Amino acid sequence: MRLCLVPILTVIALAAPAAPAATQGLTIEGTWVQAAGDNQSTYSLETGFPLAHAKIANARAVNRSVVIDPPDGRIPFQPWALKVRDGREAVHDDHVRLTSKDLDGRAKCYLAGVPRIVTGSGQINMTRFRDRVTMQTEFTHQYRVIYTDGRPHLHKSVKLWNGDSRGTWEGNTLVVETTNLNGYAWLDLIGSFASNEATVVERVTPIDANTIGWTATITDSSVFTRPWTIRWRLVRDPENREIWEHACVEGNKFGLWADIREREIGRKAR
Amino acid sequence: MRAQWMPAVAAAMGTAAIAAMVLGSLDAAGQAAASAQPRTVPRAAYGKPDFSGIWQVMNTANWNILPHAASKDGPAGMGVVEGGELPYQPWAVQKRDENYKNRLTADTDARCFLPGVPRIMYEPFPIQISQTPAVVSMFFEYEHAVRNVYMNTPHPPGPIEWWMGDSRGTWDGDTLVVDVIHLNDETWFDRAGNHHSEQLHVRERYTLLDADHMSYEARIEDPKVFTRPWQMNMVFYRHTEPNLQLLEYECYTFDDETVGNLAPPKK
């Protein structure tokens with residue numbers, strides 16, 4: 001696995017310009033939130049954040065894809081995979097036809113996976129240490145530990161919701177390669193997905209003192225026709241808030257999933 | 001599992017016993033000389049002990065914090081509570097007994113819920129500590145729990161009932177002191193049903209004994225449940241396996257996984 005990824009990383013490294021002087025002194029450390037007006041991409045990576053959903057979230061509707069490659073803004077699904085995704089989308093807001101199997105893991109308080117842990121979370125804190133970068137989101141108290149000490153990935157048998165991440169620094173840009181994903185977490189609310197063979201390469205770049213750019217390139221030949229890339233921005237949390245508790249599982253006994261399970265198994269699940 | 005723990009436990013206890021005997025035999029001058037020796041503990045650039053690393057207890061407190069024999073519930077243990085008894089108010093003993101009867105369904109371990117503080121510290125899973133002057137962060141493999149111990153800052157005003165409470169840290173010399181309040185009354189101290197109320201107040205003391213051992217003390221105060229404060233003590237051991245890292249224990253996803261609801265679609 002590691003060996004076959006080397007060419008990809010090499011290409012990226014060659015394509016990436018040396019850290020421009022303008023980024024000197026900039027850092028990805030600190031507490032960040034979604035940039036206002038950006039695609040709240042947890043809903044649909046391809047089409048954005050529709051008005052109906054924006055109303056629920058008390059946010060602005062955004063009709064824009066975060067997919068920057070391919071240029072048409074569409075995820076290059078293989079035909080069978082597109083059919084699966086569209087099937088999920090068709091029932092995602094139909095609370096009568098929705099089953100546990102077709103319900104977004106976010107509604108079940110499951111870990112978000114990569115890159116959705118970043119695209120789908122409000123507040124993110126990142127701290128750089130000698131051998132690692134820690135990342136935590138207030139939303140469902142998720143964390144990632146991204147080792148930058150050159151250690152190999154885990155054995156391929158160890159599959160994880162948030163995968164296994166290894167980082168390298170290119171100037172102030174953190175480049176993260178994630179493998180070992182279990183493929184359970186969807187990429188957005190309408191059912192876009194990758195498999196447990198996916199590799200995700202993220203580039204986290206400070207643009208100025210209060211903005212970072214984030215790209216994620218997803219490679220998975222079992223689901224897509226080609227690698228594809230999404231891009232979004234985070235802005236520094238002006239209040240630099242502490243991370244407080246967001247206990248999701250513990251409070252989820254009255255949510256949508258509880259209703260679905262009651263229908264499926266004839267009783268309240270918890 | 002139990003058999004594998006024994007040699008290490010015995011070795012650790014042996015070392016501690018020998019150290020206690022040696023220290024006990026020193027006169028006052030000897031003690032002063034011993035304490036003047038800098039302990040070989042890792043230190044952060046800002047001079048304080050560096051707790052960074054992956055730690056785990058080697059005890060059975062998660063099954064029962066009091067001394068207990070082995071049972072179908074789990075392995076035996078000498079207990080972690082000073083004096084081996086809990087000063088319950090009479091009503092709270094009844095509640096404990098009721099909890100014990102319902103333990104296989106009512107405990108947070110059975111419900112896959114966050115287990116609270118101090119219990120998260122002795123769940124039998126690794127803990128990764130990262131430290132800056134402003135915050136000591138603890139990541140737990142168990143249900144991806146997180147504690148952020150913000151240093152030298154006040155608790156937010158309550159009332160708040162968080163599963164993991166609100167933790168604020170200060171330094172007492174080389175000891176990290178953590179004050180924890182704003183907890184709820186739904187978590188227990190162990191699987192045996194030892195419990196507390198939302199008035200629980202935990203004062204923790206973290207002290208490095210050497211590079212790979214850390215003393216953990218938790219003073220427990222809860223005027224609604226106990227007649228007096230009490231304390232638990234234990235040792236954390238550093239994981240020294242090369243490249244060891246936290247994995248995931250997403251307890252509440254296992255049912256969904258078992259019935260096939262999570263399997264990615266195939267061609």
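This is a predicted model: local features need pLDDT of at least 70, side-chain atom pairs count only at pLDDT 80 or more; totals for chains, interfaces and linings use all residues.
**Stop 1: the disulfide of chain A**

Select Cys109(A) and Cys248(A) and display their side chains. The two residues form a disulfide, with 2.0 Å between the sulfur atoms. The torsion about this S-S bond is about -70°, so the disulfide is left-handed. Cys109(A) sits in the loop between α3 (79-91) and α4 (116-119) of chain A, and Cys248(A) in the loop between β10 (228-236) and α5 (256-265) of chain A, so the bond ties together parts that are 139 residues apart in sequence. Both Cys109(A) and Cys248(A) are buried.

Keep Cys109(A) selected and turn to its backbone. Its phi is near 70°, a positive value in a residue other than glycine. The relative accessible area of Cys109(A) is 4%.

**Stop 2: the cis peptide bond of chain A**

Next, select Val114(A) and Pro115(A). The peptide bond that joins them is cis, with an omega of about 10°. Pro115(A) is placed in the loop between α3 and α4 of chain A, and Cys109(A) lies in the loop between α3 and α4 of chain A as well.

**Stop 3: the disulfide of chain B**

Move to chain B and select Cys112(B) and Cys251(B). A disulfide joins these residues, at 1.9 Å from S to S. The S-S torsion is about -55°, so this disulfide is left-handed. Cys112(B) belongs to the loop between α5 (108-111) and α6 (119-122) of chain B, and Cys251(B) to the loop between β9 (230-238) and α7 (254-258) of chain B; the pair links distant parts of the chain, 139 residues apart. Cys112(B) and Cys251(B) are both buried. Over all chains, the count comes to two disulfides.

Cys112(B) is not a glycine, yet has a positive phi of about 60°. The relative accessible area of Cys112(B) is 9%.

**Stop 4: the cis peptide bond of chain B**

Select Val117(B) and Pro118(B). The peptide bond from Val117(B) to Pro118(B) is cis, and omega is near 10°. Pro118(B) is found in the loop between α5 and α6 of chain B, and Cys112(B) is likewise in the loop between α5 and α6 of chain B.

**Stop 5: the interface**

Now show both chains together. How many residues does the contact take from each chain? Chain A gives 46 residues and chain B gives 47 residues. Between them, chain A and chain B bury about 3900 Å², of which 57% is on carbon and sulfur atoms. On chain A, select Tyr143(A), Glu245(A) and Glu250(A): these residues lose the most area to chain B, together 18% of what that side buries.

Then select Lys108(A) and Asp256(B). Their side chains meet in a salt bridge, at 2.7 Å from N to O. Across the interface of chain A and chain B there are two salt bridges. There are also 23 residue pairs in polar contact between the chains, counted where both residues have pLDDT 80 or more.

Finally, colour chain A by secondary structure. The elements that give two or more residues to the side touching chain B are α3, β4 (132-137), β5 (142-147) and β6 (164-170) of chain A. The largest share of that side, five residues, comes from β5(A). By residue class, the side of chain A that touches chain B divides into 21 nonpolar, 13 polar and 12 charged residues.

Note on methods: Residues are numbered from 1 along each chain as its sequence is written. Chains are lettered from A and ligands numbered from 1 in the order in which they are written. Side-chain values use heavy atoms; hydrogens and water are left out. A disulfide is a pair of cysteine sulfur atoms within 2.5 Å. Helices (H or I, at least four residues) and strands (E, at least two) are DSSP runs, numbered from the N terminus. Buried means under 20% relative accessible area, exposed over 50%, partly exposed in between (1.4 Å probe, protein chains only). Contact means heavy atoms within 4.5 Å. Buried area is the accessible area (1.4 Å probe) that two parts lose on being put together, summed over both. A salt bridge is a side-chain nitrogen of Lys or Arg within 4 Å of a carboxyl oxygen of Asp or Glu. A polar contact is a pair of N or O atoms within 3.5 Å; within protein, one must be able to donate a hydrogen and the other to accept it, and residues adjacent in sequence count only if both atoms are side-chain atoms. Ala, Val, Leu, Ile, Met, Phe, Trp, Tyr, Cys and Pro count as nonpolar, Asp, Glu, Lys and Arg as charged, and the others, Gly among them, as polar.
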